[in-house]
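I opened this model to see how its parts pack against one another. My notes follow in the order I looked things up.

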Amino acid sequence: MEGLSRRGLGRAAVAAAITVPATARAQSAPSGEPIKIGGSMSLSGGLAGNGRPAGLTHKIWADEVNARGGLLGRPVQIISYDDQSSGAQVPGIYTKLIDVDKVDLVVSGYATAIIAPAMPVVMQRNRTFVSLFGTGVNSEFKYDRYFSVNPSGSNPNQTFAKGFIELAMAMDPKPRSIAIVNLDSDFHQRAAESARSLARSAGLRVVYDRAYPPTTVDFSPIIRAVQAARPDVVFVGSYPPDTAGLLRAASELRVNLQLFGGPMIGPHITAQKLQLGPILNNLVVWDVYAPEPTLQFPGTQPLIERYQPIAAKEGTDALGYYVPPMAYTQMQVLEQAVKKVGSLDQGALAKAMHETTFDTVIGPVRFDATGEWPEPRDIYTQYQGVQGNGIDQFKKAGTQVILYPAQYKSGELRKPYTAGA
Amino acid sequence: MDPDLALLLNGIVSGLLLGGLYAAAAAGLSISFGMLDVVNIAHPAFMVLGAMLVALFWGATGIDPLVLSILLTPAFWALGAAIYVAYHHFFERRGDEAIQGLAFFFGVMFIIEIGLVLAIGPEQHFADASYANTTWRLGEIDLPLRMLVPALVAFLAIGGLALFLRHSFTGRAIAAVAQDREALRLLAIDPVRIKRLAFGISIAMAALAGGALVVVQPVDAGSGHIFIGRVFAIVIMGGLSSLWGCVLAALAFGVVENVTASFYGPSWSPAVAFGALLLVLAVRPQGFFGRVA
């Protein structure tokens, strides 16, 4: 296992400190024993592409809090171990964090597959737990000290694909059939279940409905079978390596579909945006943030501006639109709850989290009885007008327009999806 | 053309192209595992090492990824030879190669993966060949060059390797060491030197396979995991020491996977492909081209 203080992240601390306003630095320095905040983080393995930006953002938050005088007058210290993107590592990490390192607070690493294995350890020790990008984790545990920083709400199996299906049904002419393709993983099974249920309710005929295993190498048979089923719209759930394979295959097989996309995790990572370039045009992708004027909250842009130069030095995700705002929010929830309670009492913190609406860089956040967001905020975006593989176009409004929900809408749906042809 | 027939033909053709990638990945293992009896479970990790280096050099130079992988082969040969020296000294020479040798290569695999994460990073890396976005059409049959070119390069490399093994003195010695290493000594040939040379070749083939892999898909340090089961199955199905058997098994594996994915869904692909392996071994325990002991 590796601590977050591995090579380079120390430099992040210095860089972050430099960027903190002078007025903040002028505040009194924190003193006493540090408040230790522990968690696992995927710094290697398949989830590291998003785990490393999350770890970096936690460090930025800690440096800013310390520069502002700390938490309860004490400095904060992040203790993090690399879970290698493996859920099997996670229970041991949290056992060590709580029993050996004696951390005061615990937060999760990135994504459902890492959060769920931490739950039994956290629950046994009655810790309040703020998670990051966990979908439906608490639906089975029903732990009253779990709080999820994820926009999919408490019933993703029913609501996740709502935006996608509403976009499909608003098309003219109305679609009559849908194909559903998803990776055989917990998150994508939930998303597919939602699409299946909502499609049937909307009167769409499901003409193809298959999951693929994570070991899939060639995606052309999947795309070809989808084409043979002749759907009007295609809902796809995939992770980064598969997303690249699916979109490459779609390009090679000259797909022409009225609507294509879904929770295709991949273009969220800057390197994949740049690699795919025009193949992204008209692809509809579930997301949590896009640099559109309709989705700006106080603090969003300043955070991204602080993150990007540090990320460039660290060689991690360059744009930081996907994970950093959510990871920063995770820590803001913790920070504001501790300030409100005035202590580190786990029960009091949980009670405060249930009662409070938090003011964060992704807007106001509150939690329902299960620790999920009462109103889902799944955003469906569409890439438009992507030319070549340059990075600057992705920083501008209008390249990844928001189609859903209506209150954040910044553009109109373009069709069909032709994979760059 | 009937849509089902078009689906079937495309499934077969895309399976053959996928088989080309599998053949590239398995050919080196056919030498180390099939001929030298070295259970190199790190072979796919060497392939990923090659792929990551190709991606890095492609980013710096823009040279075609497959050309870069060919340029990497001498360095990988030297790396393979050095690893064999260590393996022979610490395990094979003492007769500990079975379990401890396997543990050694497990260790090598983890060292490569962690080394790649620390040195290059955990993110995915890619190399876009100039032809990667082109697809040839033969009627209703699609031939994406992203799959076709790596497959052709792999077949050429394997063909060249087969000619070397069949027609050169050293190549025959490599084939002989698989059968009777003591007999080689009677011909005044050092079997350890021959095995060192052959193991270097197997790792050089992994570099070439890495070039093919990074043309087909983005890679990260752990990308080799999904190939471990497949490449060993292919080598066993092919008959261990037969390169042509390895190619035939790779093609069969690719076709079975893709035709199954086309008609019955991708979830069934691995089960059917490995079921086919069991069937082949039940009917022909020595594999396609293996000799009965």
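I started with helix 10 of chain A and helix 10 (residues 243–264) of chain B. Their axes lie 8 Å apart and the packing angle is about 25°. Angles under 35 degrees count as roughly parallel, so I logged helix 10 of chain A as roughly parallel to helix 10 of chain B. The crossing of these two helices is right-handed. I keep in mind that this is a predicted model.

Next I looked up which residues meet there. Helix 10 of chain A brings A:Pro221, A:Ile222, A:Arg224 and A:Ala225, and helix 10 of chain B brings B:Asn258, B:Ala261 and B:Ser262. I sorted the residues of this contact into 4 nonpolar, 2 polar and 1 charged.

**The whole interface.** I then widened the view to both chains. On chain A, 33 residues are in contact with 29 residues of chain B. On the chain A side, the elements that give two or more residues are helix 3 (48–67), strand 7 (205–212), helix 10 (220–229), helix 11 (240–252) and helix 12 (270–276). Which helix of chain A gives the most to this side? I found helix 11 of chain A, with 7 residues. By type, the chain A side holds 15 nonpolar, 11 polar and 7 charged residues.

**A sheet in chain A.** I followed strand 7 into its sheet. I noted an open sheet of 7 strands in chain A, with mixed pairing and the order 7-6-8-9-10-13-14. Strand 7 and strand 14 (400–404) of chain A are at the edges with a single partner strand each, so one side of each has no neighbour in the sheet. On average, neighbouring strands are turned by 25° against each other, direction ignored.

I checked one pair inside the sheet. Strand 6 (residues 177–183) and strand 8 (residues 233–237) of chain A run parallel and are joined by 5 bridges. A:Asn182 stands opposite A:Gly237 of strand 8 of chain A.

**Helices 8 and 9 of chain A.** Helix 9 of chain A lies across strands 6, 7, 8 and 9 (259–262) of chain A, and runs at about 170° to strand 6 of chain A. I then looked at helix 8 (residues 162–169) and helix 9 (residues 186–201) of chain A. Their axes come within 9 Å and cross at roughly 35°. This crossing is right-handed. A:Lys162, A:Phe164 and A:Ile165 of helix 8 make the contact with A:Ala195, A:Leu198 and A:Ala199 of helix 9. I counted 5 nonpolar, no polar and 1 charged residue in it.

Key
Residues numbered from 1 in each chain as written. Chains lettered and ligands numbered in written order. Predicted model: local features only at pLDDT ≥ 70, side-chain atom pairs only at ≥ 80, totals over all residues. Contact = placed C-beta atoms within 7 Å. Helix = DSSP H or I, 4+ residues; strand = E, 2+ residues; numbered from the N terminus. Nonpolar A, V, L, I, M, F, W, Y, C, P; charged D, E, K, R; others polar. Axes fitted to C-alpha atoms, helices over the stretch in contact; angles between N-to-C directions. Parallel < 35°, antiparallel > 145°, perpendicular 65-115°, else oblique. Left-handed = near helix turned anticlockwise from the far one by under 90°. Pairing = 2+ DSSP bridges.
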